[in-house]
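The following account leads the reader through a single protein structure. Please keep the sequence and the model in view while reading.

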Amino acid sequence: MTRNTKAFALVLICLLFDDVFGQQAAGNLVFCKKRRGEVGTYLANAEGRDLKRLMFLCGPEVSPRFSPDGKSILFSSVKGGKPSVYTASREGGDRKEICQGDQAAWSPDGSSIFFRRAGQIVQRVLASGEEKTVSPPAWKSCAFPDCSPDGKSVLFVAEVRGCVRLLVMTLEGKNQRSLADLSVGSPARWSPDGHRIAYSEGVHILVMSADGGWKYRLTTSGGVERDPAWSPDGTALVYCHAPTVNAGWSLCAAKADGTQARLLPKEDDVVSFFAPDWWGAKPVPGAPAAGVRASPRVSVWDIGESPAPVPGKYHEFLKKREGWNRVSGAPALQGGAVVESQRAFLVPGSKACPVLLSAKPVQQPTDVVEIIPVSEKGEEAPNVQSLNLASSDGEEAVIEMSSSTTGGERVRTSWRVSGACPYVQVSPVENAGGLRIRTPMKYVVIPDRFADDLVYEAAPYGGTRIWLPPAPLVLGLLGSGDNLLELACPSDGQTTDLLNDAGPGKPFSGAEIHFAKAPLIVGVLAGQRLWYEQRVNAKYERKRMNLNWEMPGPGTWRLAVRAEGRVYCDMFTDKESRRLDGKRLFLTEQEEFAGRVERALVYLYGRSSGTPLDQWTPVDLALDGMGVESFLRALDIDGLQSYRTAPRPTTWADIFDSLDSIRILYERGVEKKEEAFVAHLCDDMPAFLEGMDGRLDAFVTFTRHVAELGKNCERAAPQAQAFFAGIKPALDRLEDACKKGGKIAAATEALACAVQIKELTPKDMNDADKKKKFSELLEKISKAARGRADLIRDFRGAARELRDRTGMACVEHPELRAPAAKLRQLAQGVLRNRYYFEADWRGEPHRVAPYWLGSRPY
């Protein structure tokens, strides 16, 4: 992109920002911004432009705040290992340390501040330095104070009786009230008029009345939101938004009623924003509160008198809306209902099918799926007996349904629809074993970020039911690329079966998902080119192979290539240049597979920083439906994104970085001041090699456990012999790796070489013989490291193949589902928390440089 094009794009963004807010936003923003290699506090106008860096700061809780008159900035920084509160001028000068503490906020008149110290909230009068602890001593982990606009109350987060809560009380400690229970502590802010409070809960920002009487979710965006800050007049908010957990943050703004949410400008080299504050003209005293949610996001309609939906033409019923009558309160619904959110339709109790679910907008028959409750005995319960609206507050609605099997057995379920989300959360109430979902699915995919995706199509299987291994996410690819069905299983024991009873040559007819006494999430995503299939059937000879696919929009995408009977996967984003020629996708000469490529499958998986806020992805749906903690646990995000380090602290995080550093320093000549640094690098070698040997031991132990499980299975089930024949290639690879491991030389010689390098002086590099000796010593260490790294990669490839083959080999043998799940669990246990040198980027969208591994393990 040329400089002129970039400038034009920035101007266009700013004009659009002005347009959606009706006029140019007023005031100034102050926030922290992390660029590549630096973190600083910046001042900008309200559109996020005209940036000026005020200062470089240290510590996780900088939290800059404008003073009430806008002339000063309150912030925190770490000095000497301890956090302290400071003030500075609006230009970043005249910095003064006030006291120890962090997360500071002003009183409305600017005469005092509130801050956190030792897990308590403290008030300090600036003129006298007088301090008093505001929070009750019994409350633990108090954080994020904010003073009310009238100066009489303080809002903060604390742990009370084992729960994290948002609390408010007077400055004298009276009228203590809990406003909300929180899944994680994060900042909350009073509105300038004092009537509302914005806070983060789960992955979204909510706005509530100051007395806690009502609340609503601010936006309908996917992703993660936090750190809200009100505009000076209370009509808008600025906040931080991330594509998913553990991702970089962008700045966003939205009207206070939740409309017109959009991203603020962001430079390409910015990694993350955090802790914004907004200053400007104050609201007129006595003006009415502004920004309450404009209209309900969930509406409930009684369709008892309307024409019944016709199978195959459900989309026409939803588009026409004939005979629908809006209802409120909690009445019994006669003849069916429609629960309409901003992103989906749920139709329970119609005469055609117990439940219909569709994403919006509804365009074609594939947009609608049928859902039938199933009893604990596995029998369909299609006869709806009663339908009750348990609750409906404009933000979400809950329907309780009672249906019966053909034998008269009653099944009760509860259906929750959120106004912002394209899914329904279904909970078992009585005798509910699962849900049977009817919709043609050409492919079914289990995304696997530890190994390769499991891709199923109906043609190879002869049975009427396919038993999938347990998985937190199952995706059904619908229609011709514009629809995705998502089944999210947040709890252990929840499994999915595929229904293959449509006849030869037909796609899967649906799926059955099992409750296991816990809620399930069923969602439908609609959009242009959400997935794409290309039948290749061509010889791949490690040369570039172009695919007829162009990225339809920013996002995180997964590629599954089937070659020689196996599936190989990768993950990439719109920022990924390694696999994209502009927007066109290609297979490169670096691929690990060879032979005949049968098929390439591309599908939308998650967000990137450029994904439009109003677009939802499978990860958004899972994160919103499961909640942060269940999402992190079910998808093992820590195992994916946390790299392994040496068993003891090291200077660098990777042995090969350390070896390169030693080589470069000696080749250019070690200076006197660098001798201690070189000694540290040499002293790190034992820790690195010890860690690599420990990693090899873990793979050997894994291989032994797999062999033991295999023997037990073969004795227990006759079908196990065929099952283990299917995974034998992976077992053979593991055994071969174990044999190679037995031949790895001890690290003794390599460690002795490190000691000898440490004894060399800079002058020795002027001696040709000693310089040659240095190269030989370094090569011996490198050889020992490379041999271990290569073997670890061999083990990793075998463990990954075992996980893949196990997931495909069990599908026609339900009695082997448990051992297959155990094998896949064992494989995940050894694949998680890899060393950086193990590579294997199936679970991350791009290769990051080693110096982005996070904080050093000093």
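**A guided reading of the model**

Strands β8 and β9 form a hairpin in which five residues lie between the two strands, and Gly110, in the turn, has a positive phi of about 75°. Helices (H or I, at least four residues) and strands (E, at least two) are DSSP runs, numbered from the N terminus. The structure is a predicted model, in which local features need pLDDT of at least 70 and side-chain atom pairs count only at pLDDT 80 or more, while totals for chains, interfaces and linings use all residues. Residues are numbered from 1 along each chain as its sequence is written, and side-chain values use heavy atoms, with hydrogens and water left out.

Trp106 stands opposite Ile113 of β9. Five of the five residues of β8 are buried, so this strand is largely enclosed by the rest of the structure. Buried here means under 20% relative accessible area, exposed means over 50%, and partly exposed lies in between (1.4 Å probe, protein chains only).

A further antiparallel arrangement is an open sheet of three strands in the order β45-β49-β48. At its edges stand β45 (545-550) and β48 (580-581), each with a single partner strand, so one side of each has no neighbour in the sheet. β45 pairs with β49 (residues 584-587) over three bridges, and Asn546 has Phe586 of β49 as its bridge partner.

Attention now turns to the interior. In soluble globular proteins, nonpolar side chains tend to be buried together. A nonpolar core is defined as a set of buried Ala, Val, Leu, Ile, Met, Phe, Trp, Tyr and Cys residues joined through side-chain atoms within 4.5 Å. The largest such core has 131 residues, of which Leu559, Phe572, Phe631, Ile655, Ile662, Tyr666 and Ile757 touch the most other members. Helix α12 (residues 768-809) gives the most to this core, with 13 residues. Apart from this core lies another, of 50 residues, among them Leu346, Met401, Ala432 and Cys489.

Which residues does Ile757 contact, leaving aside its neighbours within four places in sequence? They are Ile662, Tyr666, Cys682, Phe774, Leu777, Leu778 and Ile781, where contact means heavy atoms within 4.5 Å.

Leu530 lies in the loop between β43 (520-526) and β44 (531-540), and counts as buried at 6% relative accessibility. Residues up to four places away in sequence not counted, Leu530 touches Gly481, Asp482, Asn483, Leu484, Leu525, Trp557, Val602, Tyr603 and Leu604.

Some backbone details remain. Most residues other than glycine have a negative phi, and most peptide bonds are trans. Ser63, however, has a positive phi near 45°; Ser63 is found in the loop between β3 (52-56) and β4 (65-66) and is buried, with a relative accessible area of 18%. Ser141 also has a positive phi, near 50°, but lies in strand β12 (residues 140-147) and counts as partly exposed at 47% relative accessibility. The peptide bond from Lys360 to Pro361 is cis, with omega near 0°, and Pro361 is placed in the loop between β29 (355-359) and β30 (368-375).

Note on methods: Two strands pair if DSSP finds at least two bridges between them.
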